[in-house]
Amino acid sequence: MTSLYRLDAPASTIAAAFGADVGNDPWTGDYVAPGRPAPVIVSDGRGGSPNSLGRYLRPKLWGVPPPPQGDRPVTAVRNLESPFWIGTLRHAELRCLIPATAFSYWSGADGARRQHWFSVPSRPVFAFAGIHRQGDDWPCFAMLTTDANRLVAHHQPKGMPVILHPEDYATWLSGEWRAAVALAVPYPSQLMAVGDTPPV
């Protein structure tokens, strides 16, 4: 699973792209790694005003507290049939969009490994499907993953983040949980690009 992505856009641009209320998010653009803060988009589930759609930008840390048998924060959720995650996925208010401009994988033989950056050229800021935790003690998030598409599998066959189409944002944020989980499929390879550096 990826442990690095970029969000090279300021909070105001991100909020505009997703019809969200920017609030006081100070994000100006940077990389995101486990344990670092980044903005995610949450919903009140009620639709909100025509301008905000009930969506809000909120800063949270990447990595949710582990299950009882775990010993480190969870950054990626793959087994959507696990009782631990079903309890979260059933509650739309605990789902979020994770804005990104690119994500990274390393591949190659030891001593000759190369970093690859994956993006969606038609959408400078796209979104991963995510879950988040509320509360003041550890506001955090994790992304969903699925099977790798052909482009990603060429470099990393183990899987890829769930990238959502814009028309599916509302279903992920406020839809019935079975419809939301059905969105956890590989994003089409032909809509993506890969390069040695993040897109500018």
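A residue is called buried here when its relative accessible area is under 20%, exposed when that area is over 50%, and partly exposed in between, as calculated with a 1.4 Å probe on protein chains only. Helices (H or I, at least four residues) and strands (E, at least two) are DSSP runs, numbered from the N terminus. With these terms, strand E9 can be described as largely enclosed by the rest of the structure, because eight of its eight residues are buried.

The structure is a predicted model, in which local features need a pLDDT of at least 70 and side-chain atom pairs count only at pLDDT 80 or more, whereas totals for chains, interfaces and linings use all residues. Residues are numbered from 1 along each chain as its sequence is written, and side-chain values use heavy atoms, with hydrogens and water left out. The pLDDT is the predictor's confidence in each residue, on a scale from 0 to 100. The protein averages a pLDDT of 91, and 95% of the residues score at least 70. Over residues 47–51, however, the pLDDT is below 50, and beyond near neighbours in sequence this stretch has six contacts in the model, a contact being defined by heavy atoms within 4.5 Å. Where pLDDT is low, the predicted coordinates should not be read in detail.

With E6, E9 pairs in the antiparallel sense over six bridges, and Gly130 of E9 is the bridge partner of Cys96. Four bridges join E9 to strand E10 (residues 140–146), again in an antiparallel arrangement, and here the partner of Gly130 is Met143 in E10. Strand E12 (residues 163–164) also pairs with E9 in the antiparallel sense, over two bridges, and Leu164 in E12 is the bridge partner of Ala127.

The buried residues of H1 are Ala11, Ile14, Ala15 and Phe18. They lie on the same side of the helix because they cover an arc of only 95° around its axis, the arc being that of the directions from the helix axis to the C-beta atoms. What covers these buried residues includes strands E1 (5–7), E3 (37–43), E4 (55–62), E6 (95–100) and E9 (126–133), together with helix H4 (169–174). After H1 comes Gly19, whose phi is positive, near 60°.

A separate description concerns an open sheet of five strands in the order E2-E1-E7-E8-E13, in which the pairing is antiparallel. Strand E2 (30–32) and strand E13 (193–195) stand at the edges, each with a single partner strand, so one side of each is left without a neighbour in the sheet. Neighbouring strands of this sheet are turned by 30° against each other on average, direction ignored; the axes are lines fitted to C-alpha atoms, for helices over the stretch in contact, and angles run from 0 to 180 degrees between N-to-C directions. Within the sheet, strand E7 (residues 102–107) and strand E8 (residues 114–119) pair in the antiparallel sense over five bridges. The bridge partners in E8 include Arg114 for Ser107 and Trp117 for Ser104. These two strands form a hairpin with six residues between them, and Gly108 in the turn has a positive phi of about 115°. E8 is joined to E13 by three antiparallel bridges, with Trp117 standing opposite Gly195 in E13.

Two asparagines in loops complete the description. Asn79 is found in the loop between strand E5 (76–77) and helix H2 (83–89), and counts as partly exposed at 45% relative accessibility. A polar atom of the side chain of Asn79 lies 3.2 Å from the backbone nitrogen of Glu81. The C-alpha atoms of Asn79 and Thr146 are separated by 9.0 Å, although these residues are 67 residues apart along the chain. Asn149, in the loop between E10 and helix H3 (150–153), counts as buried at 6% relative accessibility. A polar atom of its side chain lies 3.2 Å from the backbone nitrogen of Leu151. Leaving aside neighbours within four places in sequence, Asn149 is in contact with Met160, Pro186, Tyr187, Pro188, Ser189 and Met192.

Terms used
Pairing = 2+ DSSP bridges. Polar contact = N/O pair within 3.5 Å; in protein donor to acceptor, adjacent residues only side chain to side chain.
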